[in-house]
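Here are a few friendly notes to read with the model open beside you. Take the points one at a time and find each residue as you go.

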Amino acid sequence: MPTIFARFSHISIAAAALLATSTGVQAQNFPVTPAQQATAVQVARTGVPVADLAPNAPDSYTVRPGDTLWAISGMFLKGPWRWPELWGMNLEDIRNPHRIYPGQQLYLDKSNGRATLRTRRAGGGDSSSSSSAAMNTIRVSPRTRYESLADTSIPTLAPQAIEPFLAEPLIVDELTFSQAPRIVATQEGRVLLSRGDRAYVLSAYAAGGGSKPLSDHKGEPRDYRVFRNATPLKDPTTQQILGYEAQYVGKAELVRGESTAQSSDKDGKTQIDIVPATIDIVAAKEEMRVGDRLIPEPPRELRSYVPHAPSSPMSGQIVSVYGNAVAWASENQIVVINRGTSDGLERGHVMAILKDGERLTDKTDSDRPDIKLPNERNGLLMVFRTFDRLSYALVMQVTDGVKVGDRFTNPN
């Protein structure tokens, strides 16, 4: 069944702005696209068909700590990624879909075959009569309580599920990794390094490479991630290498940049010595060692994710399951997929995971022909970090285990 998003995707940005003005929705600084806002505004005017509600959608629900926009959307609608419709069902009361707070009550109204969502019951207020309220008047002194709501609103999805992966894995091309500065020596000949240890680093520049030397001058990077073993990530079908996943082992801070010094050899001749940069290990997931490489800490990413279906057909395959020696992924695990920004993939895209239909012999036919059963939907994944040709995605829902080679496509 096509989603409301698909039905109203033809609404122009100008029309969305006009509708937004007529319903009192003002332009706000939160990650919502014009098409998503158009969907929400249209649903605010017409509601959602009752047939599009989740089978067990509750008549009312109180938002609790730990809830996510994804979970609440899935509670009321057949597709959790269809949050613009959930927002539109309650656009009058919730101006920002990323500012829903614990304690808010949501009421589902299914009159006239269309569904809307409110933060108060239809008809207004509770069932207490005005006379009853008057007889039970309690006088209180005015009091003021200050409470910041900025950090209490519910997130789109559980942040602990992906926070570590925003700081750890990294996909690079072969040249970038090969030219990354490397640890060349440790203090007192230590074999393994951990937090608090000091080490020495040389860039590819020192060996005549194309990169520039590590510098501690103002404006140059001072914070680095330490990586090891760049693993090639291959397309499951073509076997083409799409990128390299560097294994994260820790973080380091640059103390002194690379330099050179003059000295005399045993014959008294002047020579130029290369002086490696100095780093201090500030965080360690695993013990580090000589040969590990450094890549500058990337800019902090926006931590807001807006689940939505791609606006055009998208399909691909799972390239790898994140984690050492992990063959199958389950719910809340991370996978790498063979599509990236160059394919039009963006953060927040939701995909349906497909399980390959079994190949078997038709024993009901005397000729015993080989047949292949249809691919079946096995769950959902959501992209949360993109690179040029690859992306990281979180498995949101799954029926059976997910493995390398499984396919994904637009959700229905």
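1. Let's begin with Asp292, which counts as buried because its relative accessibility is 2%, under the 20% cut-off. Please keep in mind throughout that this is a predicted model. You will find Asp292 in the loop between β12 (277–284) and β13 (293–296).

2. Now look at what surrounds this aspartate. Leaving aside residues up to four places away in sequence, Asp292 touches Pro181, Arg182, Ile183, Val226, Phe227, Arg228 and Val249. Ala180 is 112 residues away along the chain, yet its C-alpha atom is separated from that of Asp292 by 9.4 Å.

3. What does the side chain of Asp292 reach at 3.0 Å? It is the backbone nitrogen of Arg289. A polar contact of 2.7 Å also joins the side chain of Asp292 to that of Arg228.

4. Arg228 deserves a stop of its own. With 7% relative accessibility, Arg228 is buried too. Its side chain meets that of Glu286 in a salt bridge, 3.6 Å from N to O. This pair links distant parts of the chain, since Arg228 sits in strand β8 and Glu286 in the loop between β12 and β13, 58 residues apart. Glu286 is partly exposed, at 28% relative accessibility.

5. How many salt bridges does a search of the whole structure find? There are 11. One of them joins Lys251 and Glu297 at 3.8 Å, N to O. Here too distant parts of the chain are linked: Lys251 is in strand β9, while Glu297 is in the loop between β13 and β14 (315–321), 46 residues apart. Lys251 is partly exposed at 24% relative accessibility, and Glu297 is partly exposed at 29%. Elsewhere, salt bridges with shared partners join Glu188, Arg190 and Asp197 into one network.

6. Compare Asp235, in the loop between β8 and β9. Asp235 is buried but has no salt bridge; Arg339, the nearest side chain of opposite charge, is 4.6 Å away, and a salt bridge has to be within 4 Å. A polar atom of the Asp235 side chain does lie 3.0 Å from the backbone nitrogen of Thr238.

7. Finally, visit the largest nonpolar core, which has 29 residues; Ile171, Phe227, Val336, Leu380, Leu390 and Tyr392 touch the most other members. Strands supplying at least two residues each include β8 (223–234) and β9 (241–256). The largest share, four residues, comes from β9. In soluble globular proteins, nonpolar side chains tend to be buried together.

Key. Residues are numbered from 1 along each chain as its sequence is written. This is a predicted model: local features need pLDDT of at least 70, side-chain atom pairs count only at pLDDT 80 or more; totals for chains, interfaces and linings use all residues. Side-chain values use heavy atoms; hydrogens and water are left out. A nonpolar core is a set of buried Ala, Val, Leu, Ile, Met, Phe, Trp, Tyr and Cys residues joined through side-chain atoms within 4.5 Å. Buried means under 20% relative accessible area, exposed over 50%, partly exposed in between (1.4 Å probe, protein chains only). Lys and Arg count as positive and Asp and Glu as negative; His and the chain ends are not counted. A polar contact is a pair of N or O atoms within 3.5 Å; within protein, one must be able to donate a hydrogen and the other to accept it, and residues adjacent in sequence count only if both atoms are side-chain atoms. Contact means heavy atoms within 4.5 Å.
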